[in-house]
Amino acid sequence: MMQTAKQFRSFNGTVRLLVINQFTINLGFYMLIPYLAAHLSGGLGLATWLVGLVLGVRNFAQQGMFLIGGTLADRLGCKPLIIAGCSLRTAGFALLGVVDSVPALLLASAATGFAGALFNPAVRAHLSHEAGDRRVEAFALFNIFYQSGILLGPLVGMALTGIAFQATCFTAAAVFAVLTALQIRALPQRKGDREETGGRSVLADWRSVVANRSFVAFSVVMIGSYVLSFQVYLALPLEARRLAGDGMAGTAVAASLFAVSGLLAIAGQLRITAWCERRWDPGVCLVVGLLVMGAAFLPPLLTAGSPTATTTGEILLRAAPLVLSAALIGLAQVIVFPFEMDTIVTLAGNRLIATHYGLYNTVCGIGIMLGNLATGSVLDLARSTGLPALPWVVMSTLGLLCAGGIAALQRARKLSAPDPQPAIG
């Protein structure tokens, strides 16, 4: 904690504000979203397909609109987009607490999703501008605050939801309302990149970003890392409940998987980033992190196919490989994230940074959706064919392929400088 505090004080006020913002954003978001499905199905009695629709609209409104948010941040400046996003999420969360009709729920869900698309690329672009040549250090600090919000949010939400779901909604809305006021008062304005584009159209800017072949290749290769990281929420919890049962034991094991990854980031992010930065260049750091990501899916092979545990000792023994897997995924994310964010800025050539972040997030979001469909299919195939090791072998191989892809880009010197941009009118 002392090292984190020292690093925090070493940055200017804007960087400090931006990382605090991200902690608060995640705190407000994760105190509500994990309990939304239960409210929709249990509290409001919606059919399962309607619950999926409401949640899907939120995800689509965020993932599908990241490019729009990034483009607006580059043209209008980051501050207005951060303020707009926080304001919209305030309204969306408050609305979720008072409406019960499906159209109103869809509107509120879409608002909360689009809010994320507005401020997410803007925050990262603003941070990269303010950090200058200390971008890697700044994003390492950013990830500590990011993970802290993810860890604390559900605990606060659990306490509030125990009172009433509406209390959770209004508290989350209040968090974003305070955050909005803080942005208006304290966040400095940065000009957009409009003057750097020579008055070109939005479509011309998008074409220039897509024409950056190194950036597009990097985005596609990194999809795999996001699919694998998401397995802390999908494959690992499913396996935990298979091994420990659907009762309290299974819930406890699944919860420990979420916690270990975040705690590792909070405790070790700065040291691990500094250690990697002293030894390797960013491309090698990414390769190492992705190799660790692939290795994270080897421990579950030890218990693949094992029957459900019946005693506390068996539960602890069979949960250990899954906890180790979650820890390795967390370690991989700690290694990768600062250098990943820095590489995007490098490949963008320090122009249209928010647009690049927006497109990157959209590509990876689509990849996660397709990857989860594929993961579910592989899990079903493993059960139907009696090959319980299959999902873990496939995921480990995917990590190896991602590491190989980044290594190939590194050897071709595609991670150090952007492609020359064509003159598009």
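Predicted model: local features only at pLDDT ≥ 70, side-chain atom pairs only at ≥ 80, totals over all residues.
Let's start with the rings. Searching the whole structure turns up 12 aromatic pairs. In one of them, Phe29 and Tyr30 have ring centres 5.0 Å apart and planes at 80 degrees, so this pair is edge-to-face. Phe29 counts as buried, at 9% relative accessibility.

Another pair, Phe142 with Tyr146, is tilted: the centres are 6.1 Å apart and the planes make an angle of 35 degrees. These two residues are 4 residues apart in helix α8 (residues 135–163), which means that about one helical turn separates them. Phe142 is buried, with a relative accessible area of 0%, whereas Tyr146 is partly exposed at 22%. Both belong to a cluster in which ring pairs link Phe139, Phe142, Tyr146, Phe337 and Tyr357.

| Charged residue | Ring below the charge | Distance to ring centre |
|---|---|---|
| Arg16 | Phe8 | 5.9 Å |
| Arg134 | Phe11 | 3.9 Å |

Now for the backbone. Most residues other than glycine have a negative phi. Leu352 is not a glycine, yet its phi is positive, about 50 degrees. You can find Leu352 in the loop between α15 (312–348) and α16 (353–385), and it is buried, with a relative accessible area of 2%. Arg413 also is not a glycine and has a positive phi, of about 55 degrees. Arg413 lies in the segment after α17 (390–411) and is exposed, at 68% relative accessible area.

Conventions: Residues numbered from 1 in each chain as written. Heavy atoms only, no water. Buried < 20%, exposed > 50% of the residue type's maximum accessible area, 1.4 Å probe, protein only. Phe/Tyr/Trp six-rings, centres within 6.5 Å; stacked < 30°, edge-to-face > 60°. Lys NZ or Arg CZ within 6 Å of the ring centre and 35° of its normal.
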